[in-house]
Amino acid sequence: MGQHDDEEREFDLKWADGAEHKEPSARARMLAARWKENPPGPVPFRGEPDGVGPRRSSWVSTVIVLGSVAAVVVLLGYVNFRAP
């Protein structure tokens with residue numbers, strides 16, 4: 001029975017793909033109607049990101065990471081030193 005359903009589905013897909021006219025999706029129809037009255041403006045492929053602050057240099061990031069690691073090592077050493 002499963003093979004019969006697969007054959008019917010395959011036939012249906014071939015029949016649908018071979019259709020001369022394909023109806024657009026609901027979203028495509030909605031956008032076409034909206035753009036007919038108010039067409040969208042041009043949009044660059046990769047626009048400028050909004051709200052991006054100045055980038056930190058790589059050495060500042062390195063100092064922050066190494067400082068954090070050193071602080072954790074010192075904190076763990078202090079905790080182990082204080083433990084009986």
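Read from one end of the sequence to the other, the protein follows the pattern α-α-α. The model is predicted. Its secondary structure amounts to three helices and zero strands.

The average pLDDT of the protein is 80. A score of at least 70 is reached by 79% of the residues. Among the helices, H2 (residues 26-37) has the highest confidence, with a mean of 92. Confidence is lowest in helix H1 (residues 2-17), where the mean is 68.

Burial was examined next. The protein has 84 residues, and buried residues make up 1% of them. The protein exposes about 8,600 Å². Carbon and sulfur atoms supply 61% of that area.

The surface includes a nonpolar patch. Val-65, Val-69 and Val-73 make this patch, which covers about 270 Å². Val-73 belongs to helix H3, which spans residues 58-82. The relative accessible area of Val-73 is 54%. The cut-off for an exposed residue is over 50%. Val-73 therefore counts as exposed.

Charged side chains were then considered. A search of the whole structure finds one salt bridge. In a salt bridge, the side chains of Arg-29 and Glu-23 meet, with 3.0 Å from N to O. The two partners fall into separate accessibility classes. Glu-23 has a relative accessible area of 63%, so this residue is exposed. Arg-29 has a relative accessibility of 41%. Partly exposed residues lie between the buried limit of 20% and the exposed limit of 50%. Arg-29 is therefore partly exposed.

In summary, the predicted model holds three helices, one salt bridge and a nonpolar surface patch made by Val-65, Val-69 and Val-73.

Conventions: Residues are numbered from 1 along each chain as its sequence is written. Side-chain values use heavy atoms; hydrogens and water are left out. Patches are made of residues with over 30% relative accessible area and no salt bridge: like charges are joined within 9 Å, nonpolar side chains (Val, Leu, Ile, Met, Phe, Trp, Tyr) within 5 Å. Accessible areas come from the Shrake-Rupley method with a 1.4 Å probe; for residues, only the protein chains shown count as cover. A salt bridge is a side-chain nitrogen of Lys or Arg within 4 Å of a carboxyl oxygen of Asp or Glu. Helices (H or I, at least four residues) and strands (E, at least two) are DSSP runs, numbered from the N terminus. Buried means under 20% relative accessible area, exposed over 50%, partly exposed in between (1.4 Å probe, protein chains only). pLDDT is the predictor's confidence in each residue, from 0 to 100.
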